[in-house]
Every structure is written in C-alpha cells, then in structure tokens.
Amino acid sequence: MKPTRASGIWARRALVLLLVGTVGLLVLSYLVRVSYEERIVPLEEAPDAPVALVFGAGLAPGAVPSPVLAQRLDMAMALWRAGKVRAVLVSGDEVKPFHHETRAMRRYLLARGVPEDVVLGDEAGLSTYDSCLRARAVFGASKALLVTQRFHLPRALFIANSVGIDAWGVAADEGRSTPWRYTVRETLSRVLALGMVVLKVEPVYPTGRAAVPKG
C-alpha cells in the first residue's frame, strides 16, 4: 500500500514539531546551564558561607558512600578545614528501606575527624530540588556553598538561587571529564528543574524546622 499525500504531509508536520520541540528543549537547558555559571569556583576562590550543602549520590555495597558521593564529602571536608564553611548539611534519601544515605554520609565525615556538631542531616533530600528547598525552608540556609560534581552544579545552582539561597558551587571533581551519559541526563533534568521552579512545586516532605549557623 503506497503512502497517501495526506500521510506524507502529516509525517512532515510531525518531523517539524519534533525538531522544534528538540530545539526548544536544548535552548531551555542551555539557559539554565549558563544562568549561574560564573558562580562555579575552585575551593580557593569560594566565598565564606555558613554551610556547605552536599547532595546525596547513592551508596555502595556495605552501606558506605558511593565513589561519587565520597568525592562530594571529601570536598565538603576540605571546605570546612579551609574555614570556608562552619557547618556541613548532608542531604539524602532515608525513605527507602535499608538505604540510609544521610546516616552513611554522617558516618563518613565523623570517621574522618569532622566534629558531630558541625554535621547537619536532612533525611528527606529526595532530589536536588527537594534538597535545595528544604535547605532554605527547613534549615534556614540563606547562603551556601553547593558541593557536587561539575556536571550537576549548573542545575543545583539554578534551583538554589531561584528558591532564595545565595549559592555558589564548588566542583568535587574539578579537572575531570564528564561521562556522556551524565551530559545527556542533565540536558533533560535542567528543563525539568526549570519547570519545577516556575510552578513552585512543593518538596515531598516540606515540614519541620532546623537551623544552620547564621552569618
């Protein structure tokens, strides 16, 4: 059966719509990526802040931080030891059974000499968006250094600054290349983050109140 003229027209229209949608997605993702790019700085140039916000990144066998998460925690410790921050807020997922991410993050820091009163924990940081919103609304963080990998920082900085945190970013993997799969994932995730900010989506667990050091 030969394709009709009408079906060919609809196929071309569908292709045009697909191209327009793809270009639109890429443009929005790019705008999010560059919006706070100048706020990604090396440790030595990071401004002083009351707290470093460390995002969860999964656990390895044995309920210990994954290599990616360990990188983030090591950089947070370096910031604290350099006097850049007075507290470290570890934000992870404690909702899943047998997946106590925040506790593992706390244990990692305490075992390496960070005092217990320096380490704050948010057990309901189910996503980058939730972690940022809760850091501001629940922990009262008005200024923070965000600690994560370079590919993740543009999205995290966009969300944090959009919800009222004066945020700067320090890459835990400075100087290392980003795997292509993370680049693809972030292209889509940045557009999703933009939508959540615009729509003012509530975090999954918005209640409770804690505090970070002021100033």
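## Residue E116

In this predicted model, E116 has a relative accessibility of 57% and therefore counts as exposed, the cut-off for that class being over 50%. The residue is placed in the loop between α3 and β5, the latter spanning 119-122.

When neighbours within four places in sequence are set aside, E116 is in contact with R106 and L110. R106 is ten residues away from E116 along the chain, and the C-alpha atoms of the two are separated by 8.4 Å.

## Packing of α2 and α3

Two packed helices are described by the angle between their axes and the distance between the axes. For helix α2 (residues 67-81) and helix α3 (residues 101-111), the angle is about 45° and the axes lie 10 Å apart. The arrangement of α2 relative to α3 is therefore oblique. The crossing in which α2 passes α3 is right-handed.

On the α2 side, the contact involves L69, A70, L73, D74 and M77, which meet E101, M105, Y108 and L109 of α3. Classified by residue type, this contact of α2 with α3 comprises seven nonpolar and two charged residues, with no polar ones.

## Residue S131

S131 belongs to helix α4, which covers residues 128-137. With a relative accessibility of 2%, S131 counts as buried, because the class requires a value under 20%.

Residues up to four places away in sequence not being counted, S131 touches L53, F55, S91 and G125.

Terms used
Residues are numbered from 1 along each chain as its sequence is written. This is a predicted model: local features need pLDDT of at least 70, side-chain atom pairs count only at pLDDT 80 or more; totals for chains, interfaces and linings use all residues. Side-chain values use heavy atoms; hydrogens and water are left out. Axes are lines fitted to C-alpha atoms, for helices over the stretch in contact, and angles run from 0 to 180 degrees between N-to-C directions. Helices (H or I, at least four residues) and strands (E, at least two) are DSSP runs, numbered from the N terminus. Angles under 35 degrees count as roughly parallel, over 145 as roughly antiparallel, 65 to 115 as roughly perpendicular and the rest as oblique. A crossing is left-handed if the near helix is turned anticlockwise from the far one by less than a right angle, and right-handed if clockwise. Contact means heavy atoms within 4.5 Å. Ala, Val, Leu, Ile, Met, Phe, Trp, Tyr, Cys and Pro count as nonpolar, Asp, Glu, Lys and Arg as charged, and the others, Gly among them, as polar. Buried means under 20% relative accessible area, exposed over 50%, partly exposed in between (1.4 Å probe, protein chains only).
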